[in-house]
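Open the model in your viewer and keep the selection tool at hand.

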Amino acid sequence: MAHRHRAVVSVVTAACCVATLFLGVRPVPALAAVGVALGTFGCWPRSRAWSGAATGATGVLLLAATFAWPGRGTTEGSVWHMVAVGAVLLLLTAAVRWSPRRQLLAGGGLGAVAVAVWTVPLVPDASFFECLGLMSFWSAPIVGSAVVGGYPRLMEDRRRQAVLAARRAQQLELAHDLHDFVAHDVSGIVVQAQAARFVAQHDPVAAIQALERIERAGLAALASIDRTVRMLHAAERNTDGNGNSGDLTGDETAGGVARTILPGTDQLSEVMDRFSETEQIRARLDVAPGVTDALSREGAATVHRVVVEALTNVRRHAPGAAGVRVALSTDRTTVEVSVTNDGGRGRSSHLPLLPRLDRGARGGGGLLALAERVRTCGGTFACGPYQDGWRVTATLPATRPGATAS
């Protein structure tokens, strides 16, 4: 490729030199401008990066031919000037499409000025307004070059921004999944490891049971990670290299795939069992009739997230809680999920608190993300002290009119 580029530049340079010998000195700037253009396009696509500089170079050559070269202001000279103008416009189109922005502003601006003023010496007696009219007329092809080169560049920039936005959305979804599901199981592993360390010497049987619970929690964490990886693979399959979603629409897009594989209210019993087994505290799940039918797929996934996040916070920040109650109820229009801990001093009072995640000065990232998710589903979210403990409440709109009152 490099040899081909050098050959192109050599041939163009030789051709310009030969033409100068036969045509004289008058067309030298125009021939040089054409040579720059041919060399640039002959070295394509490597020359994309310096197309702006090439436009500036041809602009300088055109300005020199217009104001400082023999034959300026004559009909014979204007023919060669037209050749240089064509070379500048072609390079300007390529520069608007491909050149870096800073190089485009310098080189492209210089080339545009050269094209706009090249006819001024041809009308020496023109008034200021006539010169302004000439420059306005020759601004039309400049605008045309900018449109031809700028439109695909604008579309590519928009596509790139869309790809970045899609990647950011996938990253946030992954972060939420890791926080809501994996952190729940990992925190349980840490609690069991702490308990096993305290009882290992005095009660080996209890230590073995704790290790078994650690194993189950680890398997659950692996399942959560596998689900997240499947979500990313599904999004990658449904999104081509340009960030387009193929033939999928609506809930079948990458975001829809992510929602489809998320757990819902059917898994709440398993979550409660694992929590009770790990924490050895009373955990009760009360589900009113009609709740499952009243929730959409996305609403059920949101309820699951609320419960998992609330239980994780109980484990992390209230190890002394003696009891946790999860209640799901519904009326004709809404579904409410509440998670309440009593804040009492239970069996975990002698264990140290789990370390807080580093979330910066703002803090509470999990609850903030959860509240935003609930609001996105059209619901309301609240959390705060309740009697001697803490309560998390989320209200979501019911999606089916047949939901029964609790």
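Select V324 and N341: V324 stands opposite N341, which belongs to strand β3. Strands here are DSSP runs of E with at least two residues, and helices are runs of H or I with at least four residues, both numbered from the N terminus. The model is predicted, so local features need pLDDT of at least 70 and side-chain atom pairs count only at pLDDT 80 or more, while totals for chains, interfaces and linings use all residues. Residues are numbered from 1 along each chain as its sequence is written, and side-chain values use heavy atoms, with hydrogens and water left out.

Now widen the selection to residues 323–330, which make up strand β2. Strands β2 and β3 run antiparallel and are joined by 7 bridges; two strands count as paired if DSSP finds at least two bridges between them. The link from β2 to β3 is a hairpin of 3 residues.

Next, select residues 334–341, strand β3. How many of the residues of β3 are buried? The count is 6 of 8, so the strand is mostly covered; buried means under 20% relative accessible area, exposed over 50%, and partly exposed in between, with a 1.4 Å probe and protein chains only. In a regular strand the side chains alternate between the two faces of the sheet.

Move to T265, in the loop between α9 (254–260) and α10 (268–279). Is T265 buried or exposed? T265 counts as buried because its relative accessibility is 15%. Show its surroundings: beyond neighbours within four places in sequence, T265 is in contact (heavy atoms within 4.5 Å) with T292, L295, A300, V303 and L328.

For a view of the surface, select F128, F129 and L132. These residues form a nonpolar patch with about 380 Å² of accessible area together. F129 lies in helix α6, residues 128–137, and counts as exposed because its relative accessible area is 66%.

Finally, show the whole protein chain. It has 13 helices and 5 strands, and 40% of its 406 residues count as buried. Among contacts between residues at least 6 apart in sequence, 75% join residues at least 24 apart.

Notes. Patch = residues over 30% accessible without salt bridge, like charges linked within 9 Å, V, L, I, M, F, W, Y side chains within 5 Å. Areas by Shrake-Rupley, 256 points an atom, 1.4 Å probe, with all protein chains shown as cover. Salt bridge = Lys/Arg side-chain N within 4 Å of Asp/Glu carboxyl O.
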